[in-house]
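Please look over the sequence and the model before reading on.

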Amino acid sequence: MADSSPIQRSWSQMTPDDAFEIFALRTSVFYLEQRIDEEELDERDRDPSTLHVWIRDDSGVASYLRVLLNDEPRPGDADARRLIGRVVTRADRRGQGLSRRLLEHVIAQFGAEPMALHSQSHVQPLYAAVGFEPYGDEYLEAGIPHIGMRRAPTA
């Protein structure tokens with residue numbers, strides 16, 4: 001099963017099939033597997049500045065993340081305007097480095113600016129491996145322990 005390179009599109013560039021496959025994956029993992037009962041789809045998905053990044057395989061979208069751009073850093077996001085979120089990989093593809101490939105793709109574009117994310121606590125090592133460091137105290141988000149993580153800008 002050959003993986004393609006990361007695909008990156010804004011909402012207006014996505015096809016209906018892209019959106020369906022991405023939202024099906026997010027729903028499958030966040031609602032059905034993790035039993036998160038908070039809003040998963042939001043207006044940020046359709047924001048023109050939001051980037052959707054994913055890897056496809058023969059079965060569809062295998063791994064995904066989105067990159068938000070805020071006008072100003074928001075509380076809880078350190079000094080970062082750019083926030084990575086909704087990082088998800090299909091169960092049958094976990095442990096194969098797909099999320100890391102997506103993160104590296106985003107870092108290659110935006111590494112010169114600070115970035116933040118809200119990591120599920122048990123996934124911290126993934127983000128630490130690409131330069132994110134925890135900040136603040138652990139907190140519950142959607143009933144799951146999380147920690148804020150920030151990546152310093154690189155020259």
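## Surface and burial

The protein has an accessible surface of about 8,100 Å², and 51% of this area belongs to carbon and sulfur atoms. Accessible areas come from the Shrake-Rupley method with a 1.4 Å probe, and for residues only the protein chains shown count as cover. Of the 155 residues in the protein, 43% are buried; buried means under 20% relative accessible area, exposed means over 50%, and partly exposed lies in between (1.4 Å probe, protein chains only).

## Basis of the model

The model is predicted: local features need pLDDT of at least 70, side-chain atom pairs count only at pLDDT 80 or more, and totals for chains, interfaces and linings use all residues. Residues are numbered from 1 along each chain as its sequence is written, and side-chain values use heavy atoms, with hydrogens and water left out.

## Fold

The protein contains 3 helices and 7 strands, arranged from the N terminus as β-α-β-β-β-α-β-α-β-β. Helices (H or I, at least four residues) and strands (E, at least two) are DSSP runs, numbered from the N terminus.

A contact means heavy atoms within 4.5 Å. Among the contacts in the protein with a separation of 6 or more, 61% are between residues 24 or more positions apart.

## Two positive phi angles

Alanine 78 is not a glycine, yet its phi is positive, at about 55°. Alanine 78 lies in the loop between β3 (60-69) and β4 (82-89), and its relative accessibility of 37% makes it partly exposed.

Arginine 86, also a residue other than glycine, has a positive phi near 55°. Arginine 86 belongs to strand β4 and is partly exposed, with 23% relative accessibility.
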